[in-house]
Amino acid sequence: MIRITDLSRQYQQLKPELDQAIAEVCQSGIFIKGPVLERFEKAMAHYLGVPYALGVNSGTDALYLALRAAGIGKGDEVITTAMSFIATAEAISMTGATPVFVDIQPDTECLSTSELSAALSPRTRAILPVHLHGYPCNMSDLLRFAKQHHLKVIEDCAQSIGAIYQGKALGSLGDLGCFSFFPTKNLGAFGDGGLITTHQVALYQEILKLREHGTAQKNKQITLGVNSRLDALQAAILHTKLPYLEQWNQQRRQAAAHYHRLLAPLELPLRLPPLSAGAHTESVFHHYILRLRGSLQGKREPLQTRLKKKGIESLSYYPLALHQQQLYHKPELSFPEAEDCAQNSFALPLFPEITPTEQTYIVESLTQIIGELDVL
């Protein structure tokens, strides 16, 4: 089976380094906070070009704590995309605020900045763009809009670590950046993990308190917080992997380009993902997403079933847009691009170690299956 992502290949390449890093933490006996976490946080801050980076328990916690630190709470509204993992909207709701959804760009499937004005209300306090599938959102227009209306910007970078927008790292553009280290991410831990970045010392100090029960110093609680710290074992694993991240992201770009070379000349009823999102802007291709068009629309399930029979895993990451989830469903809401994406998009295997031979087999199999489905 060719998996969507094969983590075992990465582990085998780095096994001696990773095993040593884990052993050193075990021998130290320091599993919570301490020098290993501090070293990783400093390395991440340097890599992303920000003064402050704080490790937390998960990407979801990163979003929640960033929103809390930004002062978002009950009665507020936060504009975000209709197409993302549930954690994006969930984190907003956990603060007591209300997520207000907007539709997506048809190419990158990121939040459409042309929809922001229609979503604005007197209760709007922030925008939460999601850099989906590794693509940067249109941050120039978004930041301009946020400044005009005095809104905070919290970037959801869960799928986009290492991506660049006009020469700057994602997570360094807004007031706060939020990252996930879930194992399948481009930089993945051996469990859950997250990170929050900021340029602002006041936000940094607030998150320091919030991630540790609301305490500024031990046993002196001054606000309501949570227990959300990136543990030393995960920090050690991530610090070991970090020097390889740029190489892995480049391999992902190369694999995406190879898919494009194979698929584009075939003129299949598929929407291919763009290889570029603009000048001085680079995706990290966390996913390689295809969208069914024309005669293939609505045939995703039989297509994926036949791919599986040929030993190829494919995934429909978000078969429901956020406004279609029961928790957020309102009959009057309609976001056509997000709904089409939810119904017709799917991902092919893509990870740094995938081989051109495997990709050729995947495309040949896909082409054969599309030919079969086209006559049904």
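Modeller: Happy to, and let's start in a sheet: L290 has F346 in β14 as its bridge partner. Helices (H or I, at least four residues) and strands (E, at least two) are DSSP runs, numbered from the N terminus. Before we go on, this is a predicted model, where local features need pLDDT of at least 70, side-chain atom pairs count only at pLDDT 80 or more, and totals for chains, interfaces and linings use all residues. Residues are numbered from 1 along each chain as its sequence is written, and side-chain values use heavy atoms, with hydrogens and water left out.

Biologist: Okay, how many bridges join β13 to β14?

Modeller: Four, and the two strands run antiparallel. Two strands count as paired if DSSP finds at least two bridges between them.

Biologist: What is the strand order in that sheet?

Modeller: The order is β12-β13-β14, an open sheet of three strands with antiparallel pairing. β12 and β14 are the edge strands, each pairing on one side only.

Biologist: And β1, what does that pair with?

Modeller: β1 pairs with β9, antiparallel, over five bridges. V56 sits opposite G194 of β9.

Biologist: Why is β1 described as largely enclosed?

Modeller: Because four of the five residues in β1 (residues 52–56) are buried, the strand is largely enclosed by the rest of the structure. Buried means under 20% relative accessible area, exposed over 50%, and partly exposed in between (1.4 Å probe, protein chains only).

Biologist: Switching to rings: how many aromatic pairs are there?

Modeller: Eight aromatic pairs. The rule is that rings of Phe, Tyr and Trp (its six-membered ring) pair if their centres lie within 6.5 Å; planes under 30 degrees apart count as stacked, over 60 as edge-to-face and the rest as tilted. One of them is Y11 with F190, edge-to-face because the planes are at 70°, with ring centres 6.3 Å apart. That pair links distant parts of the chain, with Y11 in helix α1 and F190 in the loop between β8 (176–180) and β9 (194–198), 179 residues apart.

Biologist: What is the phi of F285?

Modeller: Positive, about 45°, although F285 is not a glycine. Most residues other than glycine have a negative phi. H150 has a positive phi too, about 60°, and is not a glycine either. H150 lies in the loop between α6 and β5 and is exposed, with a relative accessible area of 73%.

Biologist: Let's do helices. Where is L14, and what does it touch?

Modeller: L14 is in helix α1 (residues 7–28) and is buried, at 4% relative accessible area. Leaving aside neighbours within four places in sequence, L14 is in contact with K241, Y244 and W248; contact means heavy atoms within 4.5 Å.

Biologist: Which residues of α4 are buried?

Modeller: In α4, A87, T88, A89, A91 and I92 are buried. The buried residues of α4 pack against α3, β2 (77–81), β3 (98–102), β4 and β5 (152–156). G96 follows α4 and has a positive phi, near 95°.

Biologist: Last topic: what is the volume of the largest pocket?

Modeller: About 620 Å³. On a 1 Å grid over the protein atoms alone, a pocket is an open set of points where a 1.4 Å probe fits, with protein on both sides within 12 Å along at least five of seven lines; lining residues have an atom within 4 Å of a point. The volume is the space filled by probe spheres set on the points.

Biologist: Which residues lie nearest its centre?

Modeller: Q159, F182, T184, K185 and H286, out of 33 lining residues. α3 (59–69), α4 (86–94) and β14 (345–348) each supply at least two lining residues, with the largest share, three residues, coming from α3.
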